[in-house]
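Here is a briefing on one structure. Please look at the sequence and the 3D view first.

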Amino acid sequence: MRGLHVYILLAVAALALLFADRLSSYWMHVAIIAMFYGILASSWSLLAGYAGLFSLGHMAFASIGGYTSALLVQWYGIPIPVGMAAGVALCCALGGLIGWVCLRMSGPYLAIFTLGFSEIVRITFATEDDITAGMAGLHVERLFNTTSRLPYFYVAFALLVVSLLLMGVIVRSRWGLFLRAIREDEQAASASGVAVARFRILAFAIASGFAALAGSFYGHYIGILTPSLGGLDFMAVLVVMTVIGGMERLPTAVGGAFVVEFLLELLRGYGQWRLPLFGIILLLTMRFARNGLLTPLWLKFVQLGEPRAVTAMALRDVPQKDPAQ
Amino acid sequence: MSAGAELIRGAGLVKRFGGIVANDAVEFTVVEGDLVGLIGPNGSGKTTLISMLTGHLMPDGGEVVVRGRGMRGQAAHLYAAMGVARTFQLTQLFGRMTVLENLLVPGLTRPGSTWRAVVQQARSTLDFLKLGHLEQLHAKNLSGGQQKLLELGRCMMLEPAILFLDEPFAGVHPHLRDELITRIQELHEAGRTFVVVDHDMESILRLSKRLVVMARGRKIADGPPAVVREDQAVLAAYAGS
């Protein structure tokens with residue numbers, strides 16, 4: 001049976017939605033945060049895994065998106081979804097601008113540049129406390145006027161699914177192919193007719209938009225925003241999640257976010273010691289499984305129900321169709 | 001020189017790297033139907049010239065004209081869109097993409113191209129290059145010669161008017177080299193124009209209709225191979241005097 005994995009995923013999703021109300025408030029919170037990270041990890045995977053643009057400024061865009069939505073809602077009383085959309089739009093534009101500024105940078109130079117950008121954002125938010133309330137934290141209007149986490153679970157789920165569908169369309173289209181070509185060799189990509197500058201800017205704009213979506217949801221869920229959302233600690237967790245899962249595929253990046261977030265909670269009893277543990281797992285992943293720990297499992301999963309003859313095909317990332325057409 | 005329409009012209013091209021003048025006011029024109037061998041000692045400026053003519057290096061002086069259009073300040077992908085394709089001295093493939101995907105990339109950059117048609121074209125290109133059985137392999141896993149063939153295939157997918165091949169025979173087994181020469185000749189007979197840079201004189205002489213020789217950043221000879229081979233300046237350049 002072809003596409004069995006899709007049916008299994010749909011069944012799991014349906015079960016998750018049906019039985020979500022049976023989760024304790026604590027584990028529902030963990031699931032919501034895992035989905036928040038899922039959007040961030042998949043969009044960072046689009047940028048770093050597909051396009052090879054190893055940006056450390058991803059959480060800064062989540063932070064900008066969060067503050068933009070929170071402040072617009074606070075100042076102008078606009079509906080929260082409109083505020084979130086404004087945050088996304090602003091970060092798409094800002095992401096594109098950052099992409100344009102660092103067009104000629106790659107590898108460590110790009111990482112350091114984007115790290116500098118994210119620190120500027122974090123310190124600005126911390127310093128401008130007249131506007132952002134600084135490290136005391138900005139109180140943000142919550143999305144729902146209820147103490148139940150269930151509506152947030154559904155919204156997080158919907159945002160994750162829509163984000164993955166949109167990004168899935170992109171990576172399976174010719175755009176995805178061009179981004180991977182840019183990752184492999186920019187000069188060869190341009191010799192092949194790929195408008196490298198345009199696609200690099202586009203990758204930054206799209207990924208930053210999704211980061212803003214996650215960040216603005218986070219603000220309106222938690223109800224408070226601090227500048228640390230855009231700091232290096234959050235970014236490090238995101239990198240750990242995505243790399244351990246597998247940064248060159250969206251599902252493995254999301255899987256990494258889920259696994260690491262749930263393990264972080266399960267191992268809470270070990271206190272701060274669980275963090276070096278993930279550091280060690282990251283090192284081992286980089287040394288022995290550069291495509292991520294979940295990639296082989298995902299490839300096996302995708303093959304479920306496939307006839308043997310096409311198994312080899314499934315192992316490759318051959319695009320079979322252009323969803324844009 | 002053949003009598004076709006002008007495809008590409010480098011007018012007074014200058015390129016300096018630090019204190020070194022890699023190209024010193026080079027005039028270089030290629031017309032439709034040409035099969036040019038571009039030769040010269042190491043460091044004579046051949047690759048620099050190709051890189052300027054294909055948009056990968058900005059000239060410090062002079063201009064590149066493609067089909068009558070001045071290309072000043074244009075990015076390399078626009079040269080590709082105008083039918084100017086190139087390979088690289090050290091093969092540059094999309095290593096962790098499959099052989100088929102390597103060909104899909106240029107095919108899908110063409111305006112109006114459909115996925116289905118490009119996949120079909122890529123498969124027939126692979127068959128033409130005798131790489132069809134390897135389409136699902138990652139490009140980095142091909143042998144050196146196969147990589148050269150794949151790079152030629154990637155150029156073909158642009159349906160270019162002119163192909164610049166930078167040292168296509170370097171490090172290639174003689175059998176695969178003959179394969180490459182045959183493919184180039186077939187493509188040329190089908191109407192493609194070529195500029196081939198290489199140090200393998202035997203292959204260049206087998207292929208070329210016109211020979212251009214560079215030395216110390218300047219063009220020192222340009223004409224039919226039989227004439228250029230006897231040119232005293234060329235002999236002197238190769239003798240190192």
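Leaving aside neighbours within four places in sequence, Phe178(A) is in contact with Ala189(A), Val194(A), Phe199(A) and Val105(B). Contact means that C-beta atoms, placed from the backbone, lie within 7 Å. This is a predicted model: local features need pLDDT of at least 70, side-chain atom pairs count only at pLDDT 80 or more, and totals for chains, interfaces and linings use all residues. Residues are numbered from 1 along each chain as its sequence is written, and chains are lettered from A and ligands numbered from 1 in the order in which they are written.

**Core**
- The largest nonpolar core has 165 residues. Such a core is a set of buried Ala, Val, Leu, Ile, Met, Phe, Trp, Tyr and Cys residues joined through C-beta atoms within 7 Å.
- A residue is buried if 20 or more other C-beta atoms lie within 10 Å of its own, exposed if 12 or fewer, and partly exposed in between.
- Phe178(A) is among the residues with the most contacts inside this core, along with Phe36(A), Leu40(A), Ala203(A), Ala214(A) and Leu238(A).
- Helix H10 (residues 196-222) of chain A supplies the largest share of the core, 16 residues.
- Helices (H or I, at least four residues) and strands (E, at least two) are DSSP runs, numbered from the N terminus.

**Interface**
- On chain B, 27 residues are in contact with 25 residues of chain A.
- Helix H2 (76-81) and helix H3 (99-109) of chain B are the elements that give two or more residues to this side of chain B.
- H3(B) gives the most, with seven residues.
- By class, the side of chain B that touches chain A has 14 nonpolar, nine polar and four charged residues. Ala, Val, Leu, Ile, Met, Phe, Trp, Tyr, Cys and Pro count as nonpolar, Asp, Glu, Lys and Arg as charged, and the others, Gly among them, as polar.

**Six-stranded sheet of chain B**
- The order of this open sheet is E6-E7-E8-E3-E9-E10 (chain B), with mixed pairing. Two strands pair if DSSP finds at least two bridges between them.
- Strand E6 (84-86) and strand E10 (218-223) of chain B each have a single partner strand, so one side of each is left without a neighbour in the sheet.
- Neighbouring strands are turned by 15 degrees against each other on average, direction ignored.
- H1(B) lies across E3, E6, E7, E8 and strand E9 (210-215) of chain B, at about 150 degrees to E7(B). Axes are lines fitted to C-alpha atoms, for helices over the stretch in contact, and angles run from 0 to 180 degrees between N-to-C directions.

**Strand E8(B)**
- Five of the five residues of E8 (residues 193-197) of chain B are buried.
- Thr193(B), Val195(B) and Val197(B) lie on one side, Phe194(B) and Val196(B) on the other.
- Strand E3 (residues 35-39) of chain B pairs with E8(B) in the parallel sense over four bridges. Leu35(B) stands opposite Phe194(B).
- Strand E7 (residues 162-166) of chain B runs parallel to E8(B), joined by five bridges. Phe164(B) stands opposite Val195(B).

**Four-stranded sheet of chain B**
- Four strands form an open, antiparallel sheet in the order E2-E1-E4-E5 (chain B).
- Its edge strands are E2 (20-31) and E5 (69-70) of chain B.
- Strand E1 (residues 6-17) of chain B pairs with E2(B) over eight bridges, and Gly10(B) stands opposite Phe28(B).

Conventions
Two residues are in contact if their C-beta atoms, placed from the backbone, lie within 7 Å.
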